[in-house]
Amino acid sequence: MQNDIDYPLGDFTPNEGEPTELAPGVLWLRFSLPFALDHINLYALDDGDGWVLVDCGVSNAHSQGTWETLLAGPLAGRPVKRIIVTHFHPDHIGSAGWLVERTGADLAMSRLEWEKAQELHSKAESGFSDEVWRFYASTGIASDFVDKLRDLGNIYRPQVSPPPANYQCLSDGDVLQIGGNNWRVITGAGHSPEHVCLLSEEAGLMIGGDMLLPRITPIIGVWEDDPTSDPLADYISFLRRAKDWPDGVLILPSHNRPYHGLHARARYLLAHHDERLGVTLETCAEPSTAHDVMLRLFTRELDAHSVRFAASESLAHIHRLLHAGSLQRSTASNGIHRYAQVGA
Ligand SMILES: [Zn+2]
């Protein structure tokens, strides 16, 4: 598989608290993250009499300290008017509630992402009901491992400051005027329910969030709250739309570095999932659990946290094939699901 993209700034990445101007009035900010994925890119757009921010970093003292440095330094003198959050994940929305309080800015998100953030934030510490336990157990993961998942508890709330009670709703096709440029809202699902990307043909830029990452593939997972979903179908249809967007735009991703090569990257991501669908189907030549498929798709050592993601991602590939009619599912008396090729 070819991954024909290029990074116009080479290996350069900005230091935390020191934005880099990528285009007139478009600043690239890099914040560190306390995870294996150790950073996130955020963007600040000059809107004349104030700033529009895109994404916020996790909620912790470190990122809030970085925001204070930025507000007192490179962003000083003009207010933050609006904060656009691409999706509900903690590294994107985490400090949004805090920043809204701190700056008085408006929050703008898609409806499904805002609702998801509200729902997850309000869930009790032990949001791991018997139903959730059964969902993970049905994948064939050993039950002591599922117990470990339960012990992780609500991992969302500690990383996200309370989301604001109201927001401005962004929908696919909306056009925002920022800094004299039009930015079209493009939403897509699969990684999250209604992820917002922003395309400005005039500025030659597209803020891709987690949907168009240059080096890693975003997690596409089936989760316990929607156990029969087919998120990979949604992500594939998003990627197929990419050929309608101008190939020359500089993609501003949430992780790694800005790059050129939108069409090539979308083709690569489609081919990547196609290949993994092939492995999934091949594994199910013999009736197999999601855990069996996971062991074929993920060969590295996985801790409890990563097992949850790997199982969800394996299910996403299984469900694509189930929904397409290539696999069928049977359930054993212990509740474990097995998948087999149709007609095998
Ligand atoms: Zn994400």
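**Helix contacts and a zinc site**

Gln64, Trp67, Glu68 and Leu71 of helix H1 meet Trp98, Leu99, Arg102 and Thr103 of helix H3, where contact means heavy atoms within 4.5 Å. The structure is a predicted model, in which local features need pLDDT of at least 70 and side-chain atom pairs count only at pLDDT 80 or more, while totals for chains, interfaces and linings use all residues. Residues are numbered from 1 along each chain as its sequence is written, and side-chain values use heavy atoms, with hydrogens and water left out.

Helices (H or I, at least four residues) and strands (E, at least two) are DSSP runs, numbered from the N terminus. H1 covers residues 61–72 and H3 residues 96–103; their axes come within 11 Å and cross at roughly 35 degrees. Such axes are lines fitted to C-alpha atoms, for helices over the stretch in contact, and the angles run from 0 to 180 degrees between N-to-C directions. The crossing of H1 and H3 is right-handed, a term used if the near helix is turned clockwise from the far one by less than a right angle; anticlockwise is left-handed. The contact comprises four nonpolar, two polar and two charged residues. Here Ala, Val, Leu, Ile, Met, Phe, Trp, Tyr, Cys and Pro count as nonpolar, Asp, Glu, Lys and Arg as charged, and the others, Gly among them, as polar.

By class, the contact of H5 with H6 holds five nonpolar, one polar and three charged residues.

The zinc ion has as protein donors His87 (NE2), His89 (ND1), His191 (NE2) and Asp210 (OD), which lie 2.1 to 2.2 Å from it. Donors are N, O and S atoms within 2.8 Å of the metal (3.2 Å for Na, K and Ca); water is not among the atoms, so sites may look incomplete. His87 lies in the loop between strand S5 (80–84) and helix H2 (90–93), and His191 in the loop between strand S9 (181–188) and strand S10 (195–200), so the pair ties together parts that are 104 residues apart in sequence.
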